[in-house]
Structures are given as C-alpha cells and as structure tokens.
Amino acid sequence: MTESKFGKILSLVILGLFFFSNDSFSAGEKNQSKILFLQFKIKDNQITLVKTTIKPGLAKQPASVADKNSLYYQLFSPSGASLGKGSMKDPLIQHFEYEDPDRPGQIKRKEIQLKETEFTLRIPYDPDLQEIEFFKLLSSQLDPQKQPSLPKSLGKIKLQLKEDNSK
Amino acid sequence: MKNLKLLWLSVGLGAILFSTPAFPQSIQQILDNGPTNKRINMVFLSEGYTSTQLSQYITDANSLLNYILSVQPIAEYQTYFNAFAISVASVDSGSDHPESDIYRNTYFNSTYDSYGIQRALTIPPNDFDPVYANGQGKVFALLASLMPEYDIVILIVNDPEYGGTGGAVAITSMHPAAPEIVVHEVGHSFGYLGDEYDYPGGTSAENPNTTQENRREFIRWRTWILESTPIPTPEEFSYADVVGLFEGAAYQASGWYRPKLDCKMQSLFVPFCEVCAEALIKSKYNLINAIDSFFPLSGTIALVDTDSVALEIVPLLPTNHQLSIEWLINNSPVAGANSSIFKVYSYELGNGSHQVKAQVKDTTWMVRNDPTNFLRDSKVWTVNVSGLCAAKAGDANGSGGTPNLTDIVYLVNYVFKGGPAPSPSCRGDANASGGNGNLTDVVYLVNYVFKGGPAPVKIGVCCL
C-alpha cells in the first residue's frame, strides 16, 4: 500500500472515530418531535447564523456520510455537553450532473467551488441545544504527503432558539 | 375629509399589497400511504408555472411521481412513500435561457445554461444569480413552512427543453427524458450511492457501489459475485448480466471499481444494478421502521391469574411480498407463531416477568448483505404475570381436572393412614380452613363430588 493511500485511509478512520464513534445522530433517534432548521452563511471558512426555525415534526436522520470534503458539526448544551454530531456536504462545493449531449444516456458532472453561500441544516430539535461548532479539513490538510489530522474547528456559534408554533 | 379618504385608500391598498403574499403557496398530498413520520416523504415544487398553470403542475407532479415509483426497487416499496406537491405560482411560464437571451420571471429564478452548460438547469446560487435566498433558500423556506418532514425534494420546471441537475435539490424540466436524472439523483441523496461513471468532475469516495478494493474477499458486494466471475471483471458483453468488479468508477478510469457493467448510477435509461438496489432498500429501512404500528401501546403488561393478552403488530407491506414475522418468548422463538397477532396466556408464561418480542424481517431476495440488520425490526413487551394459579383447590392428588373420587381417596389416605401430603398444602384444604387437609376437608370434598355441594375454595396459591 502506498504511503498516500495509507494516509487517506487513516484520515478517514480518524474522521470516523472522531465524528461517529458515539453520539452521532442515528436511526435510534427517530422519536424527536420537532425539527430545527438552521440557516447559515459561509465565507472564507467563517460561518455565521442567518436564521433559525423550529417546526413540529420528525426529522428522520439518515446515516451520516462523510468524506474529506464534508462539513462536520457538533452540537452542545449550555454546560458544554455534546448533544450530537453529524456531517453534510460542503455547501461551498456545488455539483451538477446532467446528460452528456454528445453521448446520450451518459452522465457528466461539473463541480463548482463557491466563495460564499448560504446553506440550511435540518436537525432534530433539542431544547438543550445552545451552540453548534463546525469543522472542516482545510485544503492544507488534504495533502496526502502530510500526516492526517483532525478537521479544524471553524468556530462555535451560539444559537438563540425560539419555538415557532406556526404550521 | 378628502385627504382622510385617500389615507384610508392608501392604508387599504397597503394592507392588500403587503398582507397578501405575492405568490400564494399551497401543498397538496398526491400520495398517501401513512403518517409523515412513518413514511418517506417525497416533495415536489412548482417552478415556472403561472397561477393558471398550477392545475397542470399537479398533473405533471403525478406523472413524475408515477415514473419514479415505477423504477425498481422503488416500485416494490412504493407503499413506503408519501408524496406532496407544493404549488407556488410564477409570473412567467418556463425558465431562463440566457444563451438565447430569454429571461422569465419565475419564483425560484431557475435557468438553463448554468456554468456554460446548456442543459444544466439550476436555481440560485449559480453563476447567474449568487443569492441563495432567490433559489435554494426559497425551497428550504417553503419546505420548513409546509413540509418540514421532507425526505426527497424535486423541483419541476415547466419548460419543455431538456434539462435538469442533481444536487441539494433535484431539478427536472418537462422534457420526457429529463426525469431520468432525477432518479439517478435519488440514488445519491437517498441511497448514498456514488457515481459509477469515470468522467472526471468529482471526489472519489468509497460508497456502497464504488470501491478501490480489488481483493475478492474484501469487496463490499462480494455476496453478489459468483465464484466463476473473474475479479476484476472484463468489460465484455458476456458479463453484462452478472455482478462483478468492473474497473472505472467514481470519476476515475482506473483504480476504482463498480459492481456491474452498466447501472443507473453510471448511465441513464438503465435499471439500478443489484448492489445499488440493495443499498436503496437498506436506506428505506434506515429512515422508517418495518413495524408500522403495534398494540398495546404500553410496553409493560400486567397479567393476573388466568389473564391473557393479544399482542399485535402491523408491519409495512411492500408491493409483492410480505415481511416475515416471528414471535419470541424470553428470546426463544415460538414455533408456528408468525401472524401479526399473538395471544399470550399467563399460564404459558408462569408467574414472573417475561419478554415477549415480535420480530419482523424483510426477506427480500434483493438484499443479501445486511450486517447491521437494517431490514429487521422488533417490538418488545414486558409481560408481568402474578397470582397465577399454581395448583387447584381440592385436587389433592395433583392429577388436574375437577376434584373427584381419587382426590377423596388420596386425602383420606393422608389424613387417616399417613399417606403423602397434598402439595402444595392448599390442594387438600378444600374448605380453605388452613392446614394440609383434615376430616372437615374430606367431608367437604365428598359433599362436593357426590352431593352437589359447594366447590373447593381458593386459598393460597391454589385457584379454582
């Protein structure tokens, strides 16, 4: 096995251990009765909160899928206890798939790197939730020649959650 | 006075202008298979439909829904889905075509020609409009408002030109061939499937259907590969129908492998391969439970004396097969108990606490590899039995049944001839006077057996 391949695998193992070892969202949390929508803005790896919305319902949480481009997050209570972890596709990387006009039936893909955008994260509502912390493997960490390391924190964001009872 | 009238007119106009949304929104359920928290909720949104075209949108949404539900393995599990159509009108019909200098005022500001690709039909943020709130932001605001329990989101653009894209929101035009990219996208968003084509443009990753592993015993989908199939599998037509390990996947022409020569995750207009179908089925059970409902709702049941209780589960019902049911008492399977209702009798359990479990499993041939038991679901009740009759009053010899002459003989033998004592003692204490039995109990039993006297009396652990 080449060193770079080993490094990649080790990176993924570390990511997996760090983010999905214990309290990641899973199908086991199917009984939440409210859904929290968090809208953020991301620019230059700085994330700011735009809007929060709480709605009744059950946010089914599929298994987290992570890769080196994922944006990871961890949720915290006022005491700093971890309430859950998860990951999502990096909102700064948009991809589009479309049928190749020159080869009917074949799919082409284009990936676009945005400088800034907004994104919405949907998670089960937890009344104890007070902060969210985002993590990301920075581009400097993606060099296969370097030792794998944990994703860097993009900072903690305080959430002021107020329930919206409108349907 | 005239000025006052004008003021009120202005206020009235203002109220009309600012209190009535410019784009009224509504949601209509177009497929109802159960509660939203127990089904996979597919949500369609209208783009480029004017207010007078919204009835056509509902027709279009139904057509697209039927198309998606016709694709295996979704077809086999279509009862697991709900579908909703969110209607919002646009000022203009259709979508932008910047290369043809055609611009339309539509609710989500959709456009063709995104990033220089004519058929890339997108909504903001994109290269024409970077403002999230003008496109995807509106989608998620509508979803939060009208269907926060969404699972699959599809935007239908009322434009006949071929176009569509995948991504956070799957987008399709009204061109008849366009929905194929939506189904491919469902493979990504719902089955966590990777792209199997080798056209560059993405980040290669291990997925249920893409891998770098080329050692047979470690291939994720090895249970689908016949021993006779060579690894790696030659890209030859003779191997078109088998699952193997075909080189070229995940945007790489070499070093990455896919399970089948062709599959919907590689090309449009072909079925999902066995491995992708398996992943899609497992994803369904990752979101919803195989046991749809159960009764009693309480997890703890108290049975006293000779009580019984009927436990019931309602499993999900795929289109052409049924889920298997098994009942277990204290983790031991009950032979022949495989219906949805299971009656539990206290005397079968005995006094004490017992676990009665209903276990449901989808035994579909389409899944061979389920190490984490996605396809299995269970419901456990704790049944506490107390006061169960341990013996029968008057049944002195413990033979069971109604007390008779043999019990009288047994008791006489004990009372007068030093024979064995009734056990437990209440068997001989026919009149419930206490003790193991004596002459009065013999008389009481004789009276009951031969003269129609009162029946033996319940005492201690003895019942009637």
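Mentor: We begin with a definition: a residue is buried if 20 or more other C-beta atoms lie within 10 Å of its own, exposed if 12 or fewer, and partly exposed in between. Please keep in mind throughout that this is a predicted model.

Trainee: Is Asp44(A) buried or exposed?

Mentor: Asp44(A) lies in the loop between strand S1 (34-43) and strand S2 (46-56) of chain A. Its phi is near 50°, a positive value in a residue other than glycine. The cut-off for exposure is 12 or fewer C-beta neighbours. Asp44(A) has 9 of them inside 10 Å, and therefore counts as exposed.

Trainee: How many residues does chain B bring to the contact with chain A, and how do they divide into nonpolar, polar and charged?

Mentor: The contact takes 32 residues from chain A and 36 residues from chain B. On the side of chain B that touches chain A, helix H3 (136-146), S5, H4 and helix H5 (274-287) each supply at least two residues. The residues on that side of chain B divide into 16 nonpolar, 16 polar and four charged.

Trainee: Which strands stand at the edges of the six-stranded sheet of chain B?

Mentor: The sheet is open, its pairing is mixed, and the order of its strands is S1-S3-S2-S4-S6-S5. Two strands have a single partner each, so one side of each is left without a neighbour in the sheet; these edge strands of chain B are S1 (25-31) and S5 (164-165).

Trainee: In S6(B), which residue is the bridge partner of Thr165(B)?

Mentor: S5(B) and strand S6 (residues 170-172) of chain B run antiparallel and are joined by two bridges. Helix H4 (residues 179-189) of chain B lies across strand S4 (152-157), S5 and S6, at about 175° to S6(B). Within S6(B), the bridge partner of Thr165(B) is Ile171(B).

Trainee: Which residue takes a positive phi in the hairpin of S7(B) and S8(B)?

Mentor: Strand S7 (residues 246-249) and strand S8 (residues 252-258) of chain B pair in the antiparallel sense over three bridges. Phe246(B) stands opposite Arg258(B) in S8(B). Two residues lie between the strands of this hairpin, and the one with a positive phi, near 50°, is Ala250(B).

Trainee: Why do the buried residues of H7(B) line one face of the helix?

Mentor: Helix H7 (residues 405-417) of chain B has 13 residues and reaches 17 Å from its first C-alpha to its last, close to the 18 Å expected. Its buried residues are Asp407(B), Ile408(B), Tyr410(B), Leu411(B) and Tyr414(B). An α-helix has 3.6 residues a turn, so residues three or four places apart point the same way. Seen down the axis of H7(B), the buried residues line one face because they fall within an arc of 160°.

Trainee: Which helix do the buried residues of H7(B) pack against?

Mentor: The face of H7(B) turned away from its buried side carries the exposed residues Leu405(B), Phe416(B) and Lys417(B). Just after this helix, Gly418(B) takes a positive phi of about 70°. The buried residues of H7(B) pack against helix H8 (439-451) of chain B.

Trainee: Which residue of chain A is in contact with Ser114(B)?

Mentor: Ser114(B) is found in the loop between S3 and H3 of chain B, and with 28 other C-beta atoms within 10 Å it is buried. By contrast, Asp101(B) in that loop is exposed, with 7 such atoms. Leaving aside neighbours within four places in sequence, the contacts of Ser114(B) include Ala120(B), Thr122(B) and, from chain A, Phe96(A).

Trainee: Which residue is joined to Pro125(B) by a cis peptide bond?

Mentor: A cis peptide bond, with omega about 5°, joins Gln72(B) and Pro73(B), and Pro73(B) is found in the loop between helix H2 (54-69) and strand S3 (81-88) of chain B. Pro125(B) is placed in the loop between S3 and H3 of chain B. Its cis bond, with omega near 5°, comes from Pro124(B).

Note on methods:
Residues are numbered from 1 along each chain as its sequence is written. Chains are lettered from A and ligands numbered from 1 in the order in which they are written. This is a predicted model: local features need pLDDT of at least 70, side-chain atom pairs count only at pLDDT 80 or more; totals for chains, interfaces and linings use all residues. Two strands pair if DSSP finds at least two bridges between them. Helices (H or I, at least four residues) and strands (E, at least two) are DSSP runs, numbered from the N terminus. Two residues are in contact if their C-beta atoms, placed from the backbone, lie within 7 Å. Axes are lines fitted to C-alpha atoms, for helices over the stretch in contact, and angles run from 0 to 180 degrees between N-to-C directions. Ala, Val, Leu, Ile, Met, Phe, Trp, Tyr, Cys and Pro count as nonpolar, Asp, Glu, Lys and Arg as charged, and the others, Gly among them, as polar. The expected span of a helix is 1.5 Å times one less than its number of residues. The arc is that of the directions from the helix axis to the C-beta atoms.
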